[in-house]
Amino acid sequence: MTMMTTTPLDQQDEEMLVPPSDIVEGPQPMEVAQIEPNSTVENQQEEEPPSMKFTWTIDNFSRLNTKKHYLDIFVVGGYKWRILIFPKGNNVDHLSMYLDVADSSSLPYGWSRYAQFSLAVVNQINHKYSIRKDTQHQFNARESDWGFTSFMPLSDLYDPSRGYLVNDIVVIEAEVAVRKILDYWSYDSKKETGYVGLKNQGATCYMNSLLQTLYHIPYIRKAVYHMPTTEIDMPVGSIPLALQRLFYKLQYNDSSVSTKELTKSFGWDTYDSFMQHDVQELNRVLCEKLEDKMKGTVVEGTIQQLFEGHHMNYIECINVDYKSTRKESYYDLQLDVKGYRDVYASFDNYVEVECLEGDNKYHADEHGLQDAKKGVLFIDFPPVLQLQLKRFEYDFMRDTMVKINDRYEFPLQLDLDRENRKYLSPEADRTVRNLYTLHSVLVHSGGVHGGHYYAFIRPTLSDQWYKFDDERVTKEDLKRALEEQYGGEEELPPTNPGFNNTPFKFTKYSNAYMLVYIRESDKDKIICNVDEKDIAEHLRIRLKKEQEEKEEKRKYKAQAHLYTIIKVARDEDLLEQIGKDIYFDLVDHDKVRSFHIQKQTPFHVFKEEAAKEFGIPVQYQRFWIWAKRQNHTYRPNRPLTPQEEAQSVGQLREVSNKAQNAELKLFLEVEHDQDLRPLPIPDKTREDILLFFKLYDPMKGELRYVGRLMVKLSGKPIEYTAKINKMADFAPDEEIELYEEIKFEPCVMCEHLDKRCSFRSSQIEDGDIICFQKSPVEKVEACRYPYVPSFLEYVHNRQIVRFRSLDKPKEDDFCLELSKIHTYDDVVERVACKLGVDDPSKFRLTSHNCYSQQPKPQSIKYRGIEHLSDMLVHYNQTSDILYYEVLDIPLPELQGLKNLKVAFYHATKDEVLVHNIRLPKQSTVGDVIDELKTKVELSHPTAELRLLEVFHHKIYKIFSPSEKIDNINDQYWTLRAEEIPEEEKNLGPQDRLIHVYHFTKETGPNQMQVQNFGEPFFLVIHEGETLADAKVRIQAKLQVPEEEFSKWKFALLPSGRPEYLEDSDILFNRFQLQRRDVYGAWEQYLGLEHCDNSPKRAYVNQNRHTFEKPVKIYN
């Protein structure tokens, strides 16, 4: 079934966007840059065609047995489209969904079209929880499909209780709008607006919008410039310097600016840059860090002066003369959005008076319990007022975060002195006029699982607004900056006027998230002039020099096609590098002398320049061309011919280098006498070959270059022994062994050379490398690698590994020099030796994820990976990091065991002890209970125990003693062990066992939410028993004082809403008989409503490694 409606698409959700043919293993960028082709610089937006909406109902979804599934073709903008879905995920554990050009194979060469679109999976229980993701893309022959590889977790999709798959039906929606293709990349923000943007590192749009906001408060910019830094400071280690450099470039650059220096100064790695955080959280952390860095400097206190305000919390008794007040400071204010029309309504709510009466009376010291008024009033507001709008909140019913997209208005001018200054406390300074003007609006576009941030800013508080969207800055009007960021729903006129059809409404997913207001009376001080005199001289000089170097590089790159780079290697380079920087081949060409020569320059002119550079007259020079051999080695191949030397540099490069790059690589052969004066180069015939020699010292384990020789092909190595020995300063008759270095990738090939065979018969040629050593080897047993081949094998496989404790995954603990071919046993033995542990099998290793820069979730099984090289590989990347743990038992034994964390609740003592129970995987719950009995103190020797599964303060399961433990998961659920009360063992036919949970109510403007807390328990109720009778037993069980217990309320919660009970109610009649073996929290339970006085504990995910972390600036 396909239904068609129209709606514009202007939202974007941030998510991995790739065509399905380009799947990359490992983490991938988490956002795409916003592109809004319909926003022109002049802000004159042409009318665009409306979008079209389509809906598909897919029956028997779980039985789709194809990897790809295409939905019906539809037409928008005159083009054919279709939706491509991967029901089981496109190599990921998420539903994958894309928009595809249906007729791409038949379109003409060079076709292209641009579309904005959203894809959605409809929640059939509550449309509010439908998952919708938005993006835009320019489709072409190479990228004819685009969308979301990780649209939503398959676990959520296939869970019927979630509402996405109902009666095996999935409902898919798509909204598509075809737009005109504009040249996004040629847009010049500086030219069009006078401002430049910030580059996105992967998922740093949230940071970019905040940095632009702070930069465009000139008072802050000036203070940052005045923070003391020195010319020896490095930006990656100094937040002040990195921020100064960033602000300077924003002020003076002509193109967008990178934030990499700043994030490195924060101590962030690549993983942090691809992890999107909350802009409000970053604002607080960054301001705290700046405040700390400004201490003891001329700008100390700037952050407080600009952002700090104060409010007073008070409680005032109504019937007695008693008042309690507490003054608190704030840097930003969090305003409720849900249920409020605008900022003023939220402020009204902020200062709303709460009456403390009845059961909620206030204890006023010597006056006892009293009726009182409780509230908040502002002592003062700061010059720069930051309002954080609570667009995200926790939905207790769904146990998840949700985004509030409701309409919420904010004014251009905010008057906080309204209605006789009702927001101010009596002690507030009435001479200050609290009238504010809007400076910036930070916007979040998308949903709770991801999105995109950008900012609308008035840098000078003029009528002109600008949109700062990562690299792109555009001029915008007031309506776009304010009204269009209110959120809410937008209504479109009916598609068929004259018919009685309902107008279509759609939710706007782009809305204001943070507002910055500047007080009118302070704006001249805050929006001040900032010029070069405010910037430290060393910083100006340093940045101008960098800018000049950058410009030189740009010019160089622009003219690169006119030049050839000639890299000249000499004997001096080989002497310097072999045995230090390199061991195989002859030279690293990036470390030799380079010449930047115009292509039309005759080669003999270059030789004159080389003569000046090296002090070698032209007539004593012979240049060789390098060649890459089939075995991937790189050797001097032949001398240049007189004909070649008569050519230009450019012609010579083209002849010698088929790779068509701009480099010409040469070896300069020079002969010297004993006094190192150059000699004429002897002629080279076809019978002559040039060989290079390396000497190996097995006692020192050293390899070095000693020189080269021109030899005859018909000659034999033994005939040149004296000359070879002379290069090594050996006696002329010293016995030596020779080896030919043939190749080193993928494995080392170094073969013994027969001294009595001719070079021709040994297939030796120009550029070959001969390694030699004394023979026989003295003290061979004392040499780690006694012969050349074994040494080269060692060097090739040598690997320095950085080991880190799994508990401290950011810190290197120690380094070991290992071999890539070391086995699992070799590696753990070396680690055990380093750490002084007798049993290497007690180590567990974990590999490194090169993308996230964190340990992999799964450890390496005992002998599960054969060689070190395989331990260090992550997809196509190689790491040098391994993580280790020291276990209390050998790993092979541990792998055969199941480890469970069991919390034991003592029957008579108010204590909970967590025990680690480790048993063979084939064990049962009964075995767990038996093991636990040996560890805990029971109330009496014959007490029986049971094991429960508890989740979010509700009992989900009572485990059968015969159940196998291998499938029990204690990572997400709490395993609770407790004694079975005697009354539960002897349940009569007229008794019932019910669940009892603690709860509180949180009442919002439009809804009431129940939140469970504390420890759930069972209660036996008897036929005819009243609530009053049960309360006596409950109070005794929980040992609650009468004064507190009298305030508790009791309710049934059959559907999440409390139905309060009276003391006279018969409980037995209100509870249906429940089967005890049904999995899941019982929907019908007895609720105990009272204040949660237990210590607040953060929810801890007990996975081995959970590295989603809050914003943290480390330096």
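Two strands count as paired if DSSP finds at least two bridges between them. Strands (E, at least two residues) and helices (H or I, at least four) are DSSP runs, numbered from the N terminus. This is a predicted model, where local features need pLDDT of at least 70, side-chain atom pairs count only at pLDDT 80 or more, and totals for chains, interfaces and linings use all residues. Residues are numbered from 1 along each chain as its sequence is written, and side-chain values use heavy atoms, with hydrogens and water left out.

**View 1. The E51-E52 hairpin.** Here E51 (residues 945-951) and E52 (residues 954-958) pair in the antiparallel sense, over four bridges. Look for glutamate 949, whose bridge partner in E52 is lysine 957. Two residues sit between the strands, and histidine 952 in the turn has a positive phi of about 50°.

**View 2. Strand E17 and its pairing with E11 and E14.** E17 (residues 372-380) runs antiparallel to E11 (residues 309-317), joined by eight bridges. Asparagine 313 has valine 376 in E17 as its bridge partner. E14 (residues 354-356) also pairs with E17 in the antiparallel sense, over three bridges, and glutamate 354 stands opposite lysine 374.

**View 3. A mixed, open sheet of five strands.** The order is E30-E29-E33-E31-E32. E30 (593-598) and E32 (634-639) are at the edges with a single partner strand each, so one side of each has no neighbour in the sheet.
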